[in-house]
Amino acid sequence: MDSYLFFDSASTTRCCDAAVEKLQLFANRDYGNPSSSHAFGQKSARAIWGARVFFANLFKVNTEQVIFTGSGSESDNLAIYGTVMAKLTRQLDANPRRTLRVIASPFEHPAVRKCVQSLAAFGVDVQFAPVDRTGQIQMDKLLDLVTSETVLVSMMRVNNITGAILPVEKIAQQVKEKNPDVVFHCDAVQAFGRIDTPSFPSSVDLLSISAHKIEGPKGIGALIVLNKKLLQSGNLRPLVWGGEQEHGLRSGTQNAGLIAGFHAAAEQVLQKKESNFRHYVTLRNEFEKRLRSAGLLGDSSQGPVTWNSPPDAAPYIVSLSVPGFPSGPLAKLLEDRRCLISTGSACSSQKVEPDVALSAMGFTAPVCNSAIRVSFSPSLKTDDVQVLVDALQQSIKHMGLLLGGKAPS
Ligand SMILES: Cc1ncc(COP(=O)(O)O)c(C=O)c1O
């Protein structure tokens with residue numbers, strides 16, 4: 001790995017030493033079950049409690065409003081299925097003919113998009129609110145979709161493909177002005193620890209976060225229930241039933257090492273949030289400047305490369321395309337030159353398909369089919385950015401020759 005430059009931190013990050021220490025400690029030394037009442041189990045329980053208090057203070061909620069899950073994906077699924085299934089169950093008695101509606105943005109991560117789509121099998125009316133070229137929700141169209149039948153709206157804070165930042169607080173507020181009963185969920189997996197995310201008080205009711213995007217371990221996330229009423233009135237049904245861990249909302253023996261590792265990583269990243277952000281801006285600006293100097297990016301898309309991310313996107317995620325060059329082979333050529341990038345959301349990058357985020361934003365098929373994602377971590381330097389620019393330049397030349405000396409269209 002040392003010889004590679006990792007421009008893929010939106011897919012995952014290296015686990016920090018403090019988190020690795022916790023993983024090891026609770027794996028083979030203090031390995032007691034946190035539900036055990038004896039002193040050995042209570043060591044694990046105390047670590048989990050410490051993490052729960054930390055996240056509760058951070059989001060200004062009570063400890064029972066922090067639910068540890070197995071991933072960001074699971075947090076998203078718990079928020080969506082938990083809310084909609086609770087409503088469906090209740091309304092089967094009250095009014096079986098009523099059709100519930102769920103709305104999401106069209107460029108949600110598959111953990112949200114596919115989850116809401118799956119609800120159609122239960123008779124739920126699933127709608128996607130259109131977005132514009134800059135990745136912003138068309139509010140008038142969204143508000144048209146919000147009806148008295150709408151039970152849940154889910155919008156992400158930072159898009160994982162383009163870095164587009166959604167003003168979720170404002171969106172949630174407007175949605176609730178139209179229908180105050182809507183539950184608003186926000187997938188903040190790409191935002192947490194890097195830019196501001198909602199905390200109590202908020203029009204956002206449910207918030208998903210994940211550890212492995214912030215130098216924490218993989219396989220641990222949390223759902224933060226910002227709106228306490230969702231717990232009080234039993235409006236959230238569990239996905240996993242069993243021993244009633246996590247206040248009955250996520251059964252299964254908790255892994256104290258993962259939870260304590262998430263806690264350790266979150267503490268570290270939040271201390272460095274502002275300086276990391278400034279560093280991301282420097283890297284992003286240098287990247288753009290050097291692409292221009294190399295003649296790869298011209299004004300009004302004159303160069304072979306198009307910059308797809310909106311100007312006000314989160315600075316740690318950049319979507320680029322080389323129209324005419326498929327993203328898979330381009331990624332391979334960049335890898336041969338030590339640069340690891342992504343051809344889309346990491347979870348789906350095995351299949352190279354037109355990018356849904358870019359399609360939803362109205363980019364043309366050649367741009368969508370050739371999209372790559374560059375994402376920055378705090379450990380990268382501006383010299384590393386130059387290596388990537390050189391690698392892009394050489395790879396584009398190489399592919400041009402392979403494609404018969406044709407300039408990309
Ligand atoms: C926006 C977003 N939501 C959810 C997820 C899924 O998180 P996890 O990998 O923890 O399941 C990701 C991961 O890439 C993501 O980018």
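1. The model under review is predicted. Around the ligand there are 13 residues, and those that come nearest are Gly72, Ser73, Asp187, Ser210 and Lys213.

2. The make-up of this shell is as follows: eight residues are polar, three are charged and two are nonpolar. Helix 3, which spans residues 72-94, gives the most to the shell, with three residues.

3. For glutamine 190, an N or O atom in the side chain is 2.8 Å from an oxygen atom of the ligand. In the case of histidine 212, an N or O atom in the side chain likewise lies 2.8 Å from an oxygen atom of the ligand. The ligand on its own has 390 Å² of accessible area, and the protein covers 93% of this area.

4. Which element gives the most to the lining of the largest pocket? Helix 8 does, with three residues. By residue class, the lining of the largest pocket divides into 12 nonpolar, eight charged and seven polar residues.

5. Salt bridges come next. With a cut-off of 4 Å between a side-chain nitrogen of Lys or Arg and a carboxyl oxygen of Asp or Glu, the count comes to 14 salt bridges. One of them is formed by arginine 98 and glutamate 149, whose closest N and O atoms are 2.9 Å apart. This pair links distant parts of the chain, the two residues being 51 residues apart. Arginine 98 sits in the loop between helix 3 and strand 3 (101-104), whereas glutamate 149 is in the loop between helix 5 (139-145) and strand 5 (150-154).

6. Phenylalanine 200 and proline 201 are joined by a cis peptide bond, with omega at about -5°. The loop that holds proline 201 runs between strand 6 (183-187) and strand 7 (206-210).

7. The other detail is at lysine 60, where phi is near 60°, a positive value in a residue other than glycine. Lysine 60 is in the loop between helix 2 (39-59) and strand 2 (66-69).

Definitions and conventions
Residues numbered from 1 in each chain as written. Predicted model: local features only at pLDDT ≥ 70, side-chain atom pairs only at ≥ 80, totals over all residues. Heavy atoms only, no water. Near = heavy atom within 4 Å. Polar contact = N/O pair within 3.5 Å; in protein donor to acceptor, adjacent residues only side chain to side chain. Areas by Shrake-Rupley, 256 points an atom, 1.4 Å probe, with all protein chains shown as cover. Helix = DSSP H or I, 4+ residues; strand = E, 2+ residues; numbered from the N terminus. Nonpolar A, V, L, I, M, F, W, Y, C, P; charged D, E, K, R; others polar.
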